[in-house]
Amino acid sequence: MKELKQRSTCPVSTSLDVLGDKWTLLILRDMVFAGKSTYGQFLQSAEKIATNVLADRLAVLESQGILTKAVAADKKSKFTYRLTEKGVDTVPIIVEFILWGSKHCPTVVDPGLLEELQAEKDTAVAKYQRLAREKARA
């Protein structure tokens, strides 16, 4: 199991110990909003994560109980990743990053998603959490 060193017991610091790098949040974004669940799918993201970094971040997320890893039904040498309930709890955080980034940074975001998040944030968060839970049970 991949162990993380805590810098302090401050809740912001301990959250950053787990979620505080861009690759972790991008993996979670891809799982929630793009439905990605395999190593190969994560590698296809626009940000071009390095294979060693992806493997490390997936291992950290698994060790922290944010996602689970299982052998794929269609190919025994392939794994699928699913959010746990702890991982589903990151959806509001990711939504806030989308909203903040779209407001304060030059970004490209799906207009339908942005409209959905801006109009009814709580409803949208609940929807994406429900979809993640459904995918985890599938």
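## A cavity inside

The largest cavity has a volume of about 70 Å³. Keep in mind while you look around that this is a predicted model. Counting cavities of 30 Å³ or more gives 1.

What lines the largest cavity? Sorted by type, the lining has 6 nonpolar residues, 1 polar and 4 charged.

## Rings that pair up

Now for the aromatic side chains. How many aromatic pairs are there? The count is 2. One of them brings together Phe33 and Tyr128, with 4.7 Å from centre to centre and 55° between the planes, and this pair is tilted. Phe33 sits in helix α2 (residues 22-33) and Tyr128 in helix α8 (residues 121-137), so to speak a link between distant parts of the chain, 95 residues apart. Phe33 counts as partly exposed because its relative accessibility is 23%, whereas Tyr128 is buried, with a relative accessible area of 11%.

Phe42 and Tyr81 pair as well: their ring centres are 6.2 Å apart and their planes stand at 55°, so this pair is tilted. Here, too, distant parts of the chain are linked, as Phe42 belongs to helix α3 (residues 39-43) and Tyr81 to strand β2 (residues 79-83), 39 residues apart. Are these two residues buried or exposed? Phe42 is buried, at 1% relative accessibility, and Tyr81 is buried at 7%.

## Strand β2 and its partner

Tyr81 leads us to strand β2 (residues 79-83). Why is β2 described as largely enclosed by the rest of the structure? Because 4 of its 5 residues are buried.

Which strand does β2 pair with? The partner is β1 (residues 67-71): 5 bridges join the two, and they run antiparallel. Across this pairing, Val71 stands opposite Phe79 of β2. Phe79 has another neighbour to look for: Lys69 lies over the face of its ring, at 4.3 Å from the ring centre.

Key: Residues numbered from 1 in each chain as written. Predicted model: local features only at pLDDT ≥ 70, side-chain atom pairs only at ≥ 80, totals over all residues. Heavy atoms only, no water. Phe/Tyr/Trp six-rings, centres within 6.5 Å; stacked < 30°, edge-to-face > 60°. Buried < 20%, exposed > 50% of the residue type's maximum accessible area, 1.4 Å probe, protein only. Lys NZ or Arg CZ within 6 Å of the ring centre and 35° of its normal. Pairing = 2+ DSSP bridges. 1 Å grid on protein atoms, 1.4 Å probe; cavity = no way out; pocket = protein on both sides within 12 Å on 5 of 7 lines; lining within 4 Å. Points joined across faces, edges and corners; volume = space filled by probe spheres on them. Nonpolar A, V, L, I, M, F, W, Y, C, P; charged D, E, K, R; others polar.
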